[in-house]
Amino acid sequence: FNWGYDPVNYNVPEGSYSTDPYNGAVRVREMKQMVKGMHDNGLSVIMDVVYNHVQDANKFCFNLIVPGYFSRENSNGSGCGNDTASERSMVSKYIVDSVNYWADEYHIDGFRFDLVGLLDVDTINALVETVHAKHPDVIFYGEGWTMDTAVTMDNVSLATQPNAYLTPGFAYFNDTIRDGIKGGVFDKLPGFVSGASGETAKIMSGFKGKPSWAPNPTQSVNYASCHDNNTLMDRLALSRPDASREDLIRMNNLAAAIYMTSQGIPFMQAGEEMLRTKPNADGTLNENSYNASDEVNSIKWSTLDDPEYAKVFEYYKGLIAFRKAHPILRLSSADDVNSAVKMVGGLPSNVLAFEIAGGLNGETAQGLYVIFNATTQTQTVSLPAGYTWNVYVNGEKAGTEVLGTVSGEAEVAPISAMVLVRGAQGDSSNKGLSGGAVAAIAAVSAGVLAGVGVVLTKNRSKKNKK
């Protein structure tokens with residue numbers, strides 16, 4: 001079992017999935033048939049690409065032709081024994097040509113870059129620019145972690161989070177909101193949704209799509225779980241072994257409500273909407289399942305026959321539908337976010353609220369009011385006077401149908417979110433979303449894609465292509 005992190009020939013489809021791996025034409029044809037099958041069913045395809053290292057630097061074709069050229073000598077920021085020397089001109093050209101090849105030949109709709117912080121910003125900008133010249137809706141994002149790597153020349157800027165301003169067409173995973181929501185990845189301590197104090201600043205910056213490194217929300221990929229580390233449900237169970245099953249599910253749904261209503265690009269691990277868990281045979285929870293069997297990694301579709309799981313599934317679908325209906329949740333500039341999104345002060349600890357004005361990005365509602373209650377008590381939150389608000393999201397349901405009305409104040413259930421709308425509900429059509437974006441959203445709402453994860457893309461233009 002392997003997730004494809006041992007690159008040998010970058011432009012060749014992996015043979016282990018082919019019916020005849022020894023026939024190159026079969027590999028190519030079946031890969032193209034797979035992508036076309038996804039497209040024919042309304043799904044976009046994002047490919048995880050791993051240009052930052054190779055399986056064996058000594059045997060890699062470039063290094064056999066020109067020894068050591070493709071790789072940085074004695075550099076192992078990737079943890080895989082070698083790092084790619086993307087700052088060298090012909091290595092950079094190869095990566096740019098390779099990404100264009102996959103976009104042109106296989107009609108890939110997006111690229112998720114593994115450890116993109118090991119690649120230089122000039123290469124990233126070149127591949128984004130050349131692909132967008134032909135395919136303007138293709139999306140680019142990746143892991144912008146800062147790692148120790150030995151570049152081969154001076155004045156090389158790497159595509160890390162702190163350098164996001166140098167790659168305006170490329171987005172990065174926002175680990176700040178991730179850790180704020182559920183706690184640090186490695187320490188197993190609680191986060192905001194699981195009752196920890198002191199995490200609200202991370203949620204606030206994430207909600208506005210404004211981690212310290214992101215010039216605009218279009219560069220912030222907001223998430224609570226991905227293929228790395230524990231699933232969301234497993235992570236919550238590990239950090240709160242004292243919590244009831246009911247409360248763990250409430251934490252899971254609150255986590256989803258936070259990143260689904262935040263400015264930026266929401267991302268989820270496939271199966272999160274079905275309370276995905278990865279238990280080993282001995283009952284421990286697997287946090288690095290790249291080499292585990294299908295028994296651990298498969299999505300357990302049969303769980304949807306259980307009302308407990310089906311209810312969570314419908315809650316996620318409702319959150320996605322609500323986000324699609326409100327373009328004010330998909331602003332593309334920091335200035336617009338600063339103008340529209342205001343944090344509400346004077347609330348109890350671990351209760352957050354945001355008032356979002358209408359009037360931007362085609363939003364037809366007069367305003368939204370979003371409340372997150374991570375406490376174990378019902379919280380009463382005062383609302384702007386003189387208005388009646390329609391409830392579209394609460395602790396039990398989410399969607400585009402009115403669940404009730406409130407005015408004056410709102411009663412928010414323990415460990416839950418409440419989202420209120422004043423004025424028109426908004427355009428519940430797909431207006432403002434490209435075909436690729438709608439397909440990606442459909443993929444999540446149907447719970448179809450089971451790979452690394454699925455990203456919900458926002459409104460894109462030639463200036464903002466995330």
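## A tour of the salt bridges

The structure in your viewer holds 17 salt bridges, and please keep in mind as we go that this is a predicted model. Side chains of opposite charge can pair when their charged atoms come close. Let's visit some of these pairs.

**Stop 1: Lys202 and Glu199.** Select these two residues and show their side chains, which meet in a salt bridge with an N to O distance of 3.2 Å. Lys202 is partly exposed, at 32% relative accessible area. Glu199 counts as buried, because its relative accessibility of 14% falls under the 20% cut-off.

**Stop 2: Glu246 and Arg250.** Next, go to helix α8, residues 245-261. Glu246 and Arg250 sit four residues apart in this helix, about one helical turn from each other. Their closest N and O atoms are 3.9 Å apart, and the two form a salt bridge. Which of them is buried and which is exposed? Glu246 is exposed, with 53% relative accessible area, whereas Arg250 is buried, with 18%.

Stop 3: Glu396 itself is partly exposed, at 39% relative accessibility.

**Stop 4: a network.** Finally, select Asp48, Arg112, Asp114 and Glu143 together. Salt bridges with shared partners join these residues into one network.

Terms used: Residues numbered from 1 in each chain as written. Predicted model: local features only at pLDDT ≥ 70, side-chain atom pairs only at ≥ 80, totals over all residues. Heavy atoms only, no water. Salt bridge = Lys/Arg side-chain N within 4 Å of Asp/Glu carboxyl O. Buried < 20%, exposed > 50% of the residue type's maximum accessible area, 1.4 Å probe, protein only. Helix = DSSP H or I, 4+ residues; strand = E, 2+ residues; numbered from the N terminus.
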